[in-house]
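Open the structure in your viewer and keep the selection panel at hand. The stops below are meant to be taken in order.

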Amino acid sequence: MTASTIKLTATPEDHHIAKMAAVALGLTVLENAIPSPLPGVKPGLANIVTLIVLARYGWRMAAWVSLLRVVAGSLLFGNFLAPGFFLSLSGAVFSLAALAISMHLPQRGFGAVTHSILAAFAHIAGQMMVVYLWLIPHSGIAYLIPIFATAALVFGTVNGIIAARFIDNVAQPNTEPHA
Amino acid sequence: MNSYEAIRSSIKAGDWLTLLLGILCVVLITLKLWNGEQADRAIIRSAGKIFKEVPLSRDTQIEVPGPLGISIINIEKGKARITSDPSPRQYCVRQGWLQQAGEIAICLPNQVSVELTGSQKKYDSLNY
């Protein structure tokens, strides 16, 4: 009996996407260990990776990394195709859509912080929409929007600053000798 | 370069603009969604049926008959309260003045209630 082998050829770019997605996945796991006061309010550290990939390699690769992270993360936590997975997915898709637009802002004035804040807002907007249309079709959830919006602004800003630090360090390696 | 400068240097001019607009949006959304709407009408019910609907703009006193006796409802300066009620525990009287849309005082034994409404119904623990 001859074993048939399926061979997939992976380009160096594929390897790179996988590595970046793995880093993002690691941050997701780390983040799940942090207790949250309200389900859904979390820092979204994995998005730092998405922002760095966006700045260095463009939107297509950022989308790959982000979506791979969502799918692999759901397999890891055992909620693939469960409501939580679709919430993550909708958040990621909306964030990527926002990034696709905001990346065309003039790079001189708008950096990772802007992209991060806009993506964070798009993230909760997408999630709230899915929650409203599918899970809880009740206008009472509007009451939670200010909490989620505040969290998005705070975490979006912090993640953006962290991402900007990484991006800057690569752009000007000599300015930060101790980093 | 200390860490404060490091953070400042990673935020560009446009980023400050985005941050400012973001804060503005969050504040506006919060004010819009969390501020109780001012009530403009009071719906008075007796035995589950609407007994009377009155505007809060006019000061008045209404007497509502129930199975135990008469409940007196006062409306003053855009607020409403149940002033007197024959119920034994007086919960609805002690609730005091109602001001925001969605607020409600119920005298269960006498089957009388006062509910404030605005142009839009607000959600509270009763109908959430």
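Leaving aside its neighbours within four places in sequence, which residues is B:Thr117 in contact with? Select B:Thr117 and display its surroundings: the contacts are B:Ala39, B:Asp40, B:Arg41, B:Ile43 and B:Ala101. Keep in mind throughout that this is a predicted model.

**Stop 1: strand S7 of chain B**

B:Thr117 belongs to strand S7, which covers residues 112-117 of chain B. The relative accessibility of B:Thr117 is 15%, so this residue counts as buried, the limit being under 20%.

Stay in the strand and select B:Glu115. Its side chain meets that of B:Arg45 in a salt bridge, with an N to O distance of 2.9 Å. The pair joins distant parts of the chain, as B:Arg45 sits in strand S1 and B:Glu115 in strand S7, 70 residues apart. Colour the two by accessibility: B:Glu115 is buried at 7%, whereas B:Arg45 is partly exposed at 23%.

**Stop 2**

The side chain of B:Arg41 forms a salt bridge with that of B:Glu53, at 3.0 Å from N to O.

**Stop 3: chain B as a whole**

Switch to a cartoon of chain B. There are three helices and seven strands, and along the sequence they run α-α-β-β-β-β-β-α-β-β. Of the 128 residues in chain B, 36% are buried. Among contacts in chain B with a separation of 6 or more, 32% join residues 24 or more positions apart.

**Stop 4: a salt bridge in chain A**

Move to chain A and select A:Arg60 and A:Glu13. Their side chains meet in a salt bridge of 3.0 Å, N to O. A:Arg60 is in helix H3 (residues 59-77) and A:Glu13 in helix H1 (residues 12-32), and 47 residues separate them. Both ends are partly exposed: A:Arg60 has a relative accessible area of 49%, and A:Glu13 has 34%. Over all chains the count is three salt bridges.

**Stop 5: where chain A touches chain B**

Show both chains and select the residues in contact across the interface: 27 from chain A and 23 from chain B. The area buried between chain A and chain B is about 2000 Å², with 70% of it from carbon and sulfur atoms. Pick out A:Tyr143, A:Pro146 and A:Leu153, which supply 22% of the area that chain A buries against chain B, more than any other three residues.

Next, colour helices H5 (112-135) and H6 (145-171) of chain A; these are the elements that give two or more residues to the side touching chain B. The largest share, eleven residues, comes from H6 of chain A. By class, this side of chain A has 14 nonpolar, nine polar and four charged residues.

How many salt bridges and how many residue pairs in polar contact are found across the interface of chain A and chain B? There are zero salt bridges, and six residue pairs are in polar contact.

Technical notes:
Residues are numbered from 1 along each chain as its sequence is written. Chains are lettered from A and ligands numbered from 1 in the order in which they are written. This is a predicted model: local features need pLDDT of at least 70, side-chain atom pairs count only at pLDDT 80 or more; totals for chains, interfaces and linings use all residues. Side-chain values use heavy atoms; hydrogens and water are left out. Contact means heavy atoms within 4.5 Å. Buried area is the accessible area (1.4 Å probe) that two parts lose on being put together, summed over both. A salt bridge is a side-chain nitrogen of Lys or Arg within 4 Å of a carboxyl oxygen of Asp or Glu. A polar contact is a pair of N or O atoms within 3.5 Å; within protein, one must be able to donate a hydrogen and the other to accept it, and residues adjacent in sequence count only if both atoms are side-chain atoms. Helices (H or I, at least four residues) and strands (E, at least two) are DSSP runs, numbered from the N terminus. Ala, Val, Leu, Ile, Met, Phe, Trp, Tyr, Cys and Pro count as nonpolar, Asp, Glu, Lys and Arg as charged, and the others, Gly among them, as polar. Buried means under 20% relative accessible area, exposed over 50%, partly exposed in between (1.4 Å probe, protein chains only).
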